[in-house]
Amino acid sequence: SSSCSLSFSSLRADAITPELIKLLQESSIKTAAIAPDGASERLRQVINKGITEDDVLFAANLLVTGGVTNLKLYFMIGLPTEEEEDLVELVGLVRRVQGEVNSIGRSRGHLPTITLSVNPFVPKAWTPFQFCAFAGLGPLKKKIKYLRKAFGGFSNLRLSVEKPENAFLQAVLARGDRRLAAVLLAMADSKQNWRQQFRDHGVNPDDYVRQRKQDEILPWDIIDHGINREFLWKEY
């Protein structure tokens, strides 16, 4: 229908089809996002993402061919088992994506912009990673420093990084218990920063971002999600 246009937040890199591209062109969409999530192919297998480098390159090619001039790529850092070589692979993938889209852009006289969105991984309840520790502020800052340096020489690339401190608070809230209720109420009523509120209430935020044991009672165990906890531990 000519009265309908299409927009979206992000696309699966392995689910982009020529039909979808045709719809994008008809909707005049100039910005599109792909979410590889894991920094490397190995890490994407760890998180069951299953997207290959070829999938990402193919998707980037199709989107820019379809008229997209600002391509966003979403990645997570601080995933369990992540090493520096995984980040090296991330940089290599972005370099290849840029080479792919620039060759299309040159033929049109306008190079596309790549916006790289990097977010620290936050372990969530009722996932296999409900047992794992948050990566930590120090290690995350080191990873971000490496990426800023690695992408410093890239043109037409914008690096957007979520602050590790914000991710730390998310990690606290994501696996918090009833003790956080009073802290949250105080945070809503006061201009004091959240760390001060935790101190005032005698609650240590580090207690919530640590590794969990297999037999530990977790605050969310009272909710029946229809997911077997033993299954989550085996997956972990």
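**Close-up views of a predicted model**

**View A. Polar surroundings of the arginine 175 side chain.** In this predicted model, the backbone oxygen of glutamine 130 lies 2.7 Å from a polar atom of the arginine 175 side chain, and that side chain also reaches the backbone oxygen of cysteine 132, at 2.8 Å. Arginine 175 itself is found in the loop between helix H6 (164–174) and helix H7 (180–189). Although arginine 175 is buried, it has no salt bridge, and the nearest side chain of opposite charge, that of glutamate 216, is 8.3 Å away; a salt bridge would require a side-chain nitrogen within 4 Å of a carboxyl oxygen.

**View B. Aromatic rings around phenylalanine 121 and phenylalanine 129.** The count of aromatic pairs comes to nine. In one of them, the rings of phenylalanine 121 and phenylalanine 129 have centres 5.5 Å apart and planes at 80°, so this pair is edge-to-face.

View C. Strand S3 (residues 113–120) pairs with S4 in the parallel sense over five bridges, and leucine 116 stands opposite leucine 159 in S4. Between the two strands the chain passes through helix H5 (residues 137–150), and this β-α-β crossover from S3 to S4 is right-handed.

**View D. The two faces of strand S4.** In a regular strand the side chains alternate between the two faces of the sheet. In strand S4 (residues 157–161), Leu157, Leu159 and Val161 form the covered face, whereas Arg158 and Ser160 form the uncovered one.

How values were computed: Residues numbered from 1 in each chain as written. Predicted model: local features only at pLDDT ≥ 70, side-chain atom pairs only at ≥ 80, totals over all residues. Heavy atoms only, no water. Buried < 20%, exposed > 50% of the residue type's maximum accessible area, 1.4 Å probe, protein only. Helix = DSSP H or I, 4+ residues; strand = E, 2+ residues; numbered from the N terminus. Pairing = 2+ DSSP bridges. Right-handed = clockwise from strand over helix to strand, strands pointing away. Lys, Arg positive; Asp, Glu negative; His and termini not counted. Polar contact = N/O pair within 3.5 Å; in protein donor to acceptor, adjacent residues only side chain to side chain. Phe/Tyr/Trp six-rings, centres within 6.5 Å; stacked < 30°, edge-to-face > 60°.
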